[in-house]
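This report describes the fold of one protein chain for a reader who has the sequence and the structure at hand. Please look over both before reading on.

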Amino acid sequence: LTNTSRRMYLRGKWGSLSVFIRRNRLWGTRKCCSAAQFDINETLTSDLKIGAYAEVKHCFNQSSVKTFSDISGDNNPLHIDDEVAKASQFGGTIVHGILVSSLFSTLFGRTIPGSIYINQSMTFRKPVKVGAPVIARIEVNRVSSKRPGVFITCRTTCRLADDGMLAVDGEATVLIPHSST
């Protein structure tokens, strides 16, 4: 990392996250443990061109899935009951699709500071098993400047890290208010 790098260490139940951008590409690794570390040496706002992208690798553990289940009220046994899930078509517990897609918000929040989520469309194409590493990615498709600020539309994808299969596919628009740019 360069001298202009910023390091932040966050602690919490959600695991650890290491993220940094090199040459308009954000790389990261997220592990299932108790501390979150963000290494960011620039942001996408410095170069919001079509095709610019950011991505992060993460693994959701059963504790994170259980915590999300408690917070959201979604106690579907496919997410939290290993015996029921093993007997299902999935062969084990799976991560809530919305929890997987929360990685898009992580990417927007960490790479486009001050951005405000306007909308998100998603299709859940493949389940993500608890403990399986995934790679979430946002890629700039459109940039338009209007009265309230700059609107950025991105393709949002999440792939299984092991085989590259697409788990979540969609599109999101965020706004960077003029005061943030």
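Two residues are said to be in contact, or to touch, when heavy atoms of theirs lie within 4.5 Å.

## The model and its confidence

The structure is a predicted model. The mean pLDDT of the protein is 79, and 73% of its residues reach 70 or more. Over residues 1-42, however, the pLDDT is below 50, although this stretch has 113 contacts in the model beyond near neighbours in sequence. Where pLDDT is low, the predicted coordinates should not be read in detail.

## Overall architecture

The protein contains four helices and nine strands. Along the sequence they follow the pattern β-β-β-β-β-α-α-α-α-β-β-β-β. Among contacts between residues at least 6 apart in sequence, 64% join residues at least 24 apart.

Of the 181 residues in the protein, 43% are buried. The protein exposes about 9,400 Å², and carbon and sulfur atoms supply 51% of that area.

## The largest nonpolar core

In soluble globular proteins, nonpolar side chains tend to be buried together. The largest nonpolar core of this protein has 29 residues, and among these Phe60 and Ile152 touch the most other members. Two or more residues of the core come from each of strand 5 (53-59), helix 1 (62-72), helix 4 (97-111), strand 7 (133-146), strand 8 (149-160) and strand 9 (166-177). Helix 4 gives the largest share, six residues.

Which residues does Ile152 contact, leaving aside its neighbours within four places in sequence? They are Leu48, Ile112, Val140, Arg142, Ala172, Thr173, Val174 and Ile176.

## Helix 1 and its surroundings

At the start of helix 1, a side-chain oxygen of Asn61 reaches to within 3.2 Å of the backbone nitrogen of Ser63. Ser63 itself lies in helix 1. It is partly exposed, because its relative accessibility of 46% falls between the limits of 20% and 50%. The C-alpha atoms of Ser63 and Val130 are 9.6 Å apart in space, while the two residues are 67 residues apart in sequence. Just after the helix, Gly73 takes a positive phi of about 85 degrees.

The buried residues of helix 1 are Ser64, Val65, Thr67, Phe68 and Ser69. Their cover includes helix 2 (77-80) and helix 4. Thr67 has a relative accessibility of 16% and therefore counts as buried, since the limit is under 20%. From C-alpha to C-alpha, Thr67 and Ile80 are 9.9 Å apart, and 13 residues separate them in sequence. Ser69 is also buried, with a relative accessible area of 2%. Apart from residues up to four places away in sequence, Ser69 touches Asp74, Asn75, Ile80 and His96.

Thr157 lies in strand 8. Is Thr157 buried or exposed? Its relative accessible area is 6%, so Thr157 is buried.

Leaving aside neighbours within four places in sequence, Cys158 is in contact with Val100, Phe104, Val134, Ile135, Ala136, Met165, Leu166, Ala167 and Val168. The C-alpha atoms of Cys158 and Arg137 are separated by 6.2 Å, and these residues are 21 residues apart along the chain.

## Cysteines and disulfides

A disulfide is a covalent bond between the sulfur atoms of two cysteines. How many disulfides are counted in this model? With a cut-off of 2.5 Å between cysteine sulfur atoms, the count comes to zero.

Cys59 counts as buried at 15% relative accessibility, and Cys154 is buried with a relative accessible area of 1%.

Technical notes
Residues numbered from 1 in each chain as written. Predicted model: local features only at pLDDT ≥ 70, side-chain atom pairs only at ≥ 80, totals over all residues. Heavy atoms only, no water. Core = buried A, V, L, I, M, F, W, Y, C linked by side-chain atoms within 4.5 Å. Buried < 20%, exposed > 50% of the residue type's maximum accessible area, 1.4 Å probe, protein only. Polar contact = N/O pair within 3.5 Å; in protein donor to acceptor, adjacent residues only side chain to side chain. pLDDT = per-residue confidence, 0-100. Areas by Shrake-Rupley, 256 points an atom, 1.4 Å probe, with all protein chains shown as cover.
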